Amino acid sequence: MIFGVKEYAKTLEAVVAKNNIHTHFSSNVTQVDGSKGTVYYEAKDADGKIAQHTMQFDMCHVVPPQSAPDFIKKSPLADPSNPLGWVEVDKFTFRHTRFPNIFSCGDVSNAPASKTGAAIRKQVPVVVEHILATIRNTTSNATYDGYSACPIPTEYGKLMLAEFDYANKPKMTFPFDQAVPRRTMWVLKKYILPWLYWNRILSGRA
Ligand SMILES: Cc1cc2nc3c(=O)[nH]c(=O)nc-3n(C[C@H](O)[C@H](O)[C@H](O)COP(=O)(O)OP(=O)(O)OC[C@H]3O[C@@H](n4cnc5c(N)ncnc54)[C@H](O)[C@@H]3O)c2cc1C
């Protein structure tokens, strides 16, 4: 699907239709030949068999598959049930499920949140609470609800700020429908968020 939260997916489907974009879901790029401008990919055909395809391109933007780095993947920290090697944690507290004195958040953890800096901004204070409580031999009730945010430009000068939680329910910050792309949200992403990132988020003040 185009996006896991139906309210935001609806907006993106309208963008796809408006711009005459052809989507190819459940396809896997196997090779890119830059000199021939050709991308090779496999996808299931109508019978459910994997078929090979090619497509010509003017510009190709490929996102490689994501996994934990090898030193984590091959360590006892990794989730043994997942070949991608993410660190196995409780998704609400980020405490390792087998090593209680170890915490892991961010992209490398197996918490089923969207892997974004926006999510990490909300994860870190929870981890800090639990580390401090552990050091003090107490407990903490701090939990993370899966919050994440994806600022998605939908055209020049307009953006949809998709915010949501573990339940894939919208979790909007602003008092208007954020599924509607807006110029104000584009201004937020282009000018305000970079300032917030460097001056507040990195130092843990926002
Ligand atoms: C193109 C792109 C655009 C993005 N845009 C957004 C966005 O608009 N908004 C948003 O919220 N998020 C965005 N993200 C996601 C965001 O950047 C990541 O979720 C975030 O950076 C992950 O932070 P992290 O600290 O968990 O991992 P990382 O930032 O990957 O940090 C891990 C660090 O560990 C280091 N490392 C690796 N191996 C070792 C080792 N053996 N020893 C020591 N250090 C090691 C790496 O060098 C790296 O510095 C984007 C990501 C990409 C790739």
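This is a predicted model: local features need pLDDT of at least 70, side-chain atom pairs count only at pLDDT 80 or more; totals for chains, interfaces and linings use all residues.
Which residues of H1 are buried?

**View 1. The buried residues of helix H1.** Tyr-8, Ala-9, Thr-11, Leu-12, Val-15 and Val-16 are the buried residues of H1. They sit on the same side of H1, because the arc they cover around the axis is only 160 degrees. Their packing partners are E4 and strand E5 (158-164).

View 2. Just after H1 comes Asn-20, with a positive phi of about 55 degrees.

**View 3. Ser-26 in the loop between H1 and E1.** This loop joins the view of helix H1 (6-18) to that of strand E1 (27-33), and Ser-26 lies in it. Ser-26 is a residue other than glycine, yet its phi is positive, near 55 degrees. Is Ser-26 buried or exposed? Its relative accessibility is 72%, so Ser-26 counts as exposed.

**View 4. Asn-137 in the loop between H3 and E4.** Here we look at the loop between helix H3 (117-135) and strand E4 (148-155), where Asn-137 is found. Although Asn-137 is not a glycine, it has a positive phi of about 60 degrees. Asn-137 counts as exposed because its relative accessibility is 73%.

Note on methods
Residues are numbered from 1 along each chain as its sequence is written. Side-chain values use heavy atoms; hydrogens and water are left out. Helices (H or I, at least four residues) and strands (E, at least two) are DSSP runs, numbered from the N terminus. Buried means under 20% relative accessible area, exposed over 50%, partly exposed in between (1.4 Å probe, protein chains only). The arc is that of the directions from the helix axis to the C-beta atoms. Contact means heavy atoms within 4.5 Å.
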